[in-house]
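This report is intended to be read beside the sequence and the coordinates. Please keep both in view while reading.

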Amino acid sequence: MVAATIIIRIGIVLSAWAAAQCAAGDDLIAKRIDNSCVECHDADVHKAGLRLDQLKPLAQDPAGLPMWTRIHDRVEAGEMPPKKKLGAEEARAFAEALAKELMATDRERQRTAGRVAARRLNRVEYENSLRDLFDLPTLEVKDILPPDPSSGGFDNVANVQDVSYVHIARYLEAADSALDAAMALRPKPVSKVDRQVFIENGRFFEEDDHHKPKPGGRSESRVVHEWMALLRQPNSAQSPWDLHDRMDEPGLYRFRIRCKGIAIDSPGTGDANDDKLLPPTVNHVASVQVKDGRFLHFFDVPAVAAVVEFTAPLLGNEHLVFYCATLDDRGQPGGSSPPAKVPYKGPGIAVEWMEMEGPLIEQWPPESHRRLFGDLPLVKWTKESGLREPEPSTIGTGLERRPWHPPGGPYMVESKHPAEDSERLLRAFMERAYRRPVEAGEVRRMQALAMEGVAQKRCFQDAMRIAYKAVLTSPDFLFFREAPGRLDGYALASRLSYFLWRSMPDDGLLAEAKSGALGRTEVLRSEVERMLNDPKAGRLVADFTSQWLDQCNIFATVPDRPLYPEYFCDNYLIDSMLGETTAYFSEMLKGDLGARQVISSDFAMLNERLAQLYGIKGVTGCAIRKVPLPAGSDRGGFLTQASILKVTANGLTTSPVKRGAWVLDHLLGTPPPPPPPDAGAIEPDTRGATTIREQLSKHRANPVCATCHAMIDPPGFALEAFDVMGADRQRYRSVGKGDEVTATVGVREVRYHLGMPIDCSGQLAGAAFNDINGLRTLLLADEPQIARNLARRLLTFATGAGISFADRSAVEGLLEATKDKRYGLRSLIHAVVESDQFRDK
Amino acid sequence: MTWPADKDTTMNPLNRTSNLPRRTLLKGLGVALALPFLDCMAPRLGAVEPSSALALPRRMFCIETNQGILPQHFFPEQPGRGYQPTPYLKILGDHLADLTVFSGVSLPEVDGGHHAELCFLTGAGHPGRGGFRNTISLDQFAAERIGLLTRFSSLSWCVDNNNSLSFTGAGVMIPGENKQSRIFKRLFIQGTPDEVEAQVGRLREERSILDQVGERTKQLNGEVGSADRDKLDQYFTSLRELERRLVVAEEWERRPKPKIDAKMPADINDRAAVIERTRSMFDLARLAFASDSTRLITLYINQDFVRPNIAGVTDGTHQLTHHGNQPEKLAMLKLIEDAQFRELAGLLTALKAAKEPHGSLLDTTMVLYGTNMGSANAHSNDNLPVLLAGGGFKHGSHLAFDRKKNYPLTNLYVSMLQRLGIETSQFSSGVATMHGLELA
């Protein structure tokens with residue numbers, strides 16, 4: 001009864017603020033609320049940026065929903081108003097009344113307008129779509145487009161997707177770039193084989209005056225018994241490992257490398273005949289790398305000479321280097337490279353030759369050409385055709401494209417019946433691009449552009465290009481077409497495929513959309529299964545983990561050289577870290593592993609390098625595989641994966657505040673409020689005089705700080721057991737105070753200081769823990785919260801809309817539906833797809 | 001920007017009149033050119049009175065380095081004139097009378113450590129938080145008002161990656177141009193008549209694409225609900241905005257580009273060459289201003305883990321900024337920043353040497369140089385090291401504000417906009433001109 005009265009009163013008060021006509025003059029309760037909130041949140045004093053005088057009632061302005069939701073949450077949690085200005089009972093009633101209004105308003109918004117307003121392809125989705133549309137799996141266009149903003153943790157959220165003329169200009173440019181690659185107006189590229197014998201024609205050695213290799217002449221590599229023995233990893237502009245020849249044609253290439261792992265025992269006479277090649281003492285790993293860029297393929301170097309073979313795509317004219325992942329870096333200061341005339345014993349990788357073959361082409365013209373021009377013949381252009389000379393083709397990728405005249409050209413696509421051909425080709429293209437059937441009028445509109453070109457005597461491909469560019473700039477391609485209420489089959493198919501494949505639907509899915517079968521839950525279920533089992537689901541795994549777990553920031557910092565010499569330029573380790581986290585997510589998906597596995601697991605996805613980092617024995621080779629964790633291990637879950645520990649550190653120091661806040665936000669879904677403006681920042685100091693924990697001690701002393709930091713710091717304290725790259729540690733490293741330590745990394749000696757000991761203990765919500773596993777036990781006490789976080793993020797990512805007030809009960813529904821499966825990831829994905837939130841706009 | 005209701009007059013640039021002089025000869029630093037104008041421009045200029053367009057051309061060059069500047073080597077101790085120059089200011093020694101150094105300034109509510117680099121010229125609050133939407137940048141605000149006076153309304157460049165400091169009214173980043181050869185080509189390389197025709201043909205083709213897509217967007221707009229309509233409206237506006245820009249581009253395409261005595265610079269592809277790349281961009285900026293190809297340039301200088309090839313520096317800039325007070329790292333960081341300030345000194349010298357009818361190019365060019373972090377080691381965003389050189393202000397002093405309670409840097413931006421001849425009393429969080437900074 002009391003509550004009912006309060007609701008009515010609050011109703012008055014809420015509208016009162018907004019309309020600035022406080023009718024509460026004679027009302028006691030309203031006055032008390034007035035006294036409770038307005039004092040700190042009006043035009044003069046607007047704490048936390050809240051101005052109640054500007055906030056309109058929900059009924060008048062649904063755009064105020066996020067702010068009203070925040071007010072509700074703070075009051076409900078008892079955080080506002082402070083100092084008990086409102087009795088507990090009244091606060092609860094206030095929150096309940098507000099909740100009702102929030103729910104009603106948000107439901108109405110979802111029913112009439114939909115949760116998601118005109119979502120647009122982000123640049124990853126755009127690139128994937130063009131790749132699938134043209135069947136060009138290595139097409140690169142996303143860097144042409146402006147970066148996408150992020151909301152709710154993801155870069156595909158519709159309500160922050162603003163568009164500007166810059167987008168349109170860049171869409172036109174990206175379309176041109178993709179069309180150039182797809183048209184392939186040229187004769188079939190000639191596939192060639194290029195074999196480099198390392199001791200003959202690689203730049204792998206110092207040459208003598210007669211441009212002959214000088215045996216044993218260079219310290220990083222030497223010729224020993226017909227083998228090129230590489231002793232260092234490349235890392236400088238003078239790198240001797242550059243591969244001489246470049247393959248200018250983009251495409252898929254086959255690499256074959258004859259190599260073996262070695263140990264070299266050199267007496268230092270300078271005569272290669274005296275050097276002994278011994279069997280390797282460790283398993284070596286190598287790769288071919290695009291200089292300063294991506295790794296094509298890591299492989300284990302055989303202990304006995306053998307040929308390693310793999311295929312990888314090249315973008316054309318790329319500078320390749322042979323990368324010795326398990327060898328030390330030659331760029332290390334202090335002259336650690338073993339001079340040739342000094343006795344040297346150490347590991348190496350011996351290479352005899354390397355062969356590149358490609359581009360490997362199965363059909364010509366390629367499928368992409370057929371999708372644009374069907375079976376129309378490609379002929380050489382002549383003046384006699386009466387047509388204007390074709391626009392030059394281009395070569396290169398993205399913004400690096402440049403005009404190019406293919407040998408024997410220019411070529412043109414010949415159409416004897418341009419009206420019919422353009423109509424037919426455009427219809428097929430538009431249906432793919434728009435992910436739905438198209439109407440005759442739509443085709444006619446685009447065809448008119450092509451026919452205008454034909455009328456101006458443009459050759460067929462140049463005329464068609466105008467129309468194709470228009471299709472790729474049309475909102476029908478760039479936006480999701482979703483009407484309020486239940487999504488139709490095509491809209492649902494698009495939503496589903498952009499969720500699970502990050503790209504457009506395939507023919508199978510479109511067929512289910514057409515027949516209407518996709519609306520049936522069991523069909524939806526089997527489609528989800530089919531799609532998750534398709535290799536394209538790898539895009540979901542990569543993109544979701546990259547954003548959820550901040551993997552995209554892994555290269556933002558590098559380990560400090562003086563403090564962490566052992567990690568210098570260990571890009572193989574970083575590559576392995578990323579691999580571990582995506583493999584772990586895939587494993588969760590495969591085995592329907594649940595929320596619990598976010599925090600804890602009895603296995604890890606490791607290769608040899610990661611196992612070394614974690615101190616786990618018995619893992620050999622670069623392939624990542626499932627490894628059982630020993631009892632009592634401090635690893636398990638995402639929580640202690642090296643990639644996580646790296647992105648939450650800065651390369652120099654770790655901060656319990658940063659790591660703690662990260663765990664609360666990303667793994668538990670309870671982000672702490674942002675720091676107050678006057679919070680200040682701690683200047684990291686590595687001189688070893690104090691620990692970060694001591695620097696943070698004022699948080700405990702100052703009650704204003706303590707409220708938040710009592711939540712934030714503890715998970716970070718437990719994670720202090722791991723250094724900036726994720727290895728275990730008992731003491732901080734320092735460049736000043738502490739004990740000097742000498743260690744061997746590769747064949748060099750390194751020094752650093754061990755400073756203060758680590759203290760990993762803390763208190764979480766009143767319960768004490770001593771170490772990371774103690775923390776794990778406490779975190780796992782609230783498994784539904786971990787699942788809730790995962791469910792919220794999946795739903796946001798799947799639909800392109802954040803979790804609003806009315807979605808909260810839907811999220812609880814997802815938990816309810818998957819409780820029996822211990823909130824398994826695969827089950828959660830099914831539940832998301834089957835929810836009204838996913839199936840309605 | 002609002003659109004006139006009458007489409008025809010919008011699309012036909014040739015039936016307007018203008019108050020700009022038809023041929024103004026500019027000479028300076030080997031640059032001689034005819035300043036063309038577009039008839040379609042003047043009526044759009046809005047805030048700028050024709051008389052002010054006739055006055056001195058006012059320019060603005062905004063430069064941000066993204067990894068902080070060591071404050072101990074930047075901020076002088078004494079306020080006002082006659083301060084004791086700090087090491088970095090000593091490098092600018094010859095130009096101290098032509099610049100004002102600020103302390104105790106920052107961008108209100110712009111926090112988030114590295115994220116703040118997106119907001120150096122926008123002043124939009126809390127860039128690190130989810131759902132952040134940027135706002136228009138200083139240069140684009142100006143470009144909307146004076147941009148049509150020149151071939152390029154503004155230019156957004158960067159050293160190293162593809163980002164920039166420039167954001168449109170919708171908060172969308174204008175990708176930064178990082179290739180010197182492409183910049184030079186766009187500015188100065190005159191195509192053959194055939195090439196010009198082909199380019200005009202392409203621009204027209206793209207306009208007909210935009211027209212067609214615009215029609216389609218309008219049609220769709222009638223079929224969707226109100227929430228979607230807002231988005232499609234924005235798309236439609238963007239199509240029209242680009243269409244308008246293509247009209248302008250076509251007009252300019254038909255006018256010869258300025259002839260200059262400079263050779264096309266070679267692209268510097270080495271990521272370690274941050275200093276050489278900066279120098280090359282500074283050179284291009286001087287040429288672009290001197291030829292009046294544009295009056296607004298932004299330059300974003302990205303530094304990350306790559307080791308700059310500067311003698312004595314053995315580590316990447318970003319890891320050096322996480323110095324943890326190690327003396328070796330601080331020394332290397334100073335080497336890098338010394339080199340950067342030497343380049344800035346070179347730019348100011350070159351601008352000053354470039355003679356204009358009423359003085360030097362520096363007199364008409366505001367050069368804003370600064371960074372988004374007061375201390376990169378702590379990732380703090382207050383007490384930003386910033387200075388302003390040239391452009392027609394009374395310089396030579398150190399404007400010292402409260403280091404505890406910072407003064408809004410956005411007020412400086414209001415001053416700069418007014419100096420460009422734009423009548424505005426606010427920009428972003430700035431609501432007044434900068435206290436203590438007077439026009440020359």
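The report treats the two chains in turn, then their contact.

**Basis of the description**

This is a predicted model, in which local features need pLDDT of at least 70, side-chain atom pairs count only at pLDDT 80 or more, and totals for chains, interfaces and linings use all residues. Residues are numbered from 1 along each chain as its sequence is written, while chains are lettered from A and ligands numbered from 1 in the order in which they are written.

Helices (H or I, at least four residues) and strands (E, at least two) are DSSP runs, numbered from the N terminus. A residue is termed buried if 20 or more other C-beta atoms lie within 10 Å of its own, exposed if 12 or fewer, and partly exposed in between, with C-beta atoms placed from the backbone. Two residues are in contact if their C-beta atoms, placed from the backbone, lie within 7 Å.

**The chains in outline**

Among contacts in chain A between residues at least 6 apart in sequence, 71% join residues at least 24 apart. For chain B, with the residues again at least 6 apart, 65% of the contacts join residues at least 24 apart.

**Confidence in chain A**

The predictor's confidence in each residue, from 0 to 100, is given as pLDDT. Chain A averages 87, and 90% of its residues score at least 70. Residues 1-32 of chain A stay under 50, and the model has 41 contacts beyond four places in sequence for them. Residues 236-240 of chain A also stay under 50, with 10 contacts beyond four places in sequence. Where pLDDT is low, the predicted coordinates should not be read in detail.

**Helices of chain A**

The expected span of a helix is 1.5 Å times one less than its number of residues. Helix 16 of chain A (residues 537-548) has 12 residues and reaches 16 Å from its first C-alpha to its last, close to the expected 16 Å. Its buried residues are Leu540(A), Asp543(A), Phe544(A), Thr545(A) and Trp548(A). These pack against helix 5 (123-134), helix 13 (489-500), helix 17 (571-591), helix 21 (656-667) and helix 26 of chain A. Just after helix 16 of chain A, Asp550(A) takes a positive phi of about 60°.

Helix 5 of chain A contains Arg123(A). Arg123(A) counts as buried because it has 20 C-beta neighbours inside 10 Å. Beyond its neighbours within four places in sequence, Arg123(A) is in contact with Lys142(A), Leu145(A) and Asp148(A).

Helix 27 of chain A (residues 807-818) has 12 residues that should span 16 Å, and its end C-alpha atoms are 17 Å apart, which agrees. Asp807(A), Ala810(A), Val811(A), Leu814(A) and Thr818(A) are buried in helix 27 of chain A. They lie on the same side of the helix, because they cover an arc of only 105° around the axis, the arc being that of the directions from the helix axis to the C-beta atoms. Ser809(A) and Glu816(A), on the other side of helix 27 of chain A, are exposed. The cover over the buried residues of this helix includes helix 26 (783-799), helix 28 (825-834) and helix 29 (836-839) of chain A.

**Strands of both chains**

Strand 9 of chain A (residues 320-324) has 5 of its 5 residues buried, so it is largely enclosed by the rest of the structure. Leu320(A), Phe322(A) and Cys324(A) are buried on one side, and Val321(A) and Tyr323(A) on the other. Two strands pair if DSSP finds at least two bridges between them. Strand 6 (residues 284-290) and strand 9 of chain A pair in the antiparallel sense over 5 bridges, with Ala286(A) opposite Cys324(A).

In chain B, an open sheet of 8 strands with mixed pairing has the order 4-14-5-13-12-3-9-7. Its edge strands are strand 4 (80-81) and strand 7 (155-159) of chain B, each pairing on one side only. Strand 12 (residues 365-371) and strand 13 (residues 386-389) of chain B run antiparallel and are joined by 4 bridges. Leu388(B) in strand 13 is the bridge partner of Leu368(B).

**Contact between the chains**

The contact takes 50 residues from chain B and 50 residues from chain A. On the side of chain B that touches chain A, helix 6 (193-221), helix 7 (226-253) and helix 9 (317-321) of chain B each supply at least two residues. Helix 7 of chain B gives the most, with 12 residues.
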